Amino acid sequence: MTGAWVLAAAVLLALGFGLYRRALDGRLRAAPATAGGLDAARLGRPIGDAATFVQFSSEVCAPCRVTAQVLGEVSAASSGVTHIEIDAAQHLDLVSELGITRTPTVLVLDADGVERHRIVGAPRRPDVLQALRALSPTEAEK
């Protein structure tokens, strides 16, 4: 009987941790103090005039596909906003330098390529729009 209680407690603990981690997905976080500027040469694509979403993804990450779709839609509907998707496995130098520990991770860059915010986990559309508003309060989003 004790073994069943231990098993039940372990399952509940794992479930609670999973729900807690999922609740943190998509939350806007301040950029780490060590974040440096990223330019078009380092990213391999031009950055946006107003903002750039740099998404670090993995080919085996299902939430990465959803994140790419959301960021693509917001970028298409927003003037001067660009979405760049980077395969984390192919750019281990950037992943290490920027402290990326999970995919998807989205860096929100200003027009100068400076990371202002970071979204870890799969964001929803309101999370992405909040990131744009936090970056540029004058940006009118739909």
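Start by selecting Cys-61 and Cys-64: a disulfide joins them, with 2.4 Å from S to S (a disulfide being a pair of cysteine sulfur atoms within 2.5 Å). Cys-61 and Cys-64 are both buried (under 20% relative accessible area with a 1.4 Å probe, protein chains only; over 50% is exposed, and in between is partly exposed).

The model is predicted: local features need pLDDT of at least 70, side-chain atom pairs count only at pLDDT 80 or more, and totals for chains, interfaces and linings use all residues. Residues are numbered from 1 along each chain as its sequence is written, and side-chain values use heavy atoms, with hydrogens and water left out.

Next, colour the protein chain by secondary structure. It has 5 helices and 5 strands, where helices (H or I, at least four residues) and strands (E, at least two) are DSSP runs numbered from the N terminus. Along the sequence the pattern reads α-β-α-β-α-β-α-β-β-α.

Now select strand β2, and in it Thr-52. Is Thr-52 buried or exposed, and why? Thr-52 counts as buried because its relative accessibility is 1%. A polar atom of the Thr-52 side chain lies 2.7 Å from the backbone nitrogen of Gly-48. Leaving out residues up to four places away in sequence, Thr-52 touches Ile-47, Thr-82, Ile-84, Leu-107, Val-108 and Leu-109 (contact means heavy atoms within 4.5 Å).

From there, go to the largest nonpolar core, which has 14 residues. Such a core is a set of buried Ala, Val, Leu, Ile, Met, Phe, Trp, Tyr and Cys residues joined through side-chain atoms within 4.5 Å. Select Phe-53, Val-74, Val-108, Val-128 and Leu-132, the residues that touch the most other members. At least two residues of this core come from each of β2 (51-57), α3 (62-77), β4 (105-109) and α5 (125-135). Helix α5 supplies the largest share, 5 residues. Apart from this core lies another, of 13 residues; to find it, select Leu-43, Phe-56, Ile-86 and Leu-107, which are among its members.

Finally, show the whole protein chain as a surface. Of the 142 residues, 39% count as buried. Among contacts between residues at least 6 apart in sequence, 70% join residues at least 24 apart.

Technical notes. A polar contact is a pair of N or O atoms within 3.5 Å; within protein, one must be able to donate a hydrogen and the other to accept it, and residues adjacent in sequence count only if both atoms are side-chain atoms.
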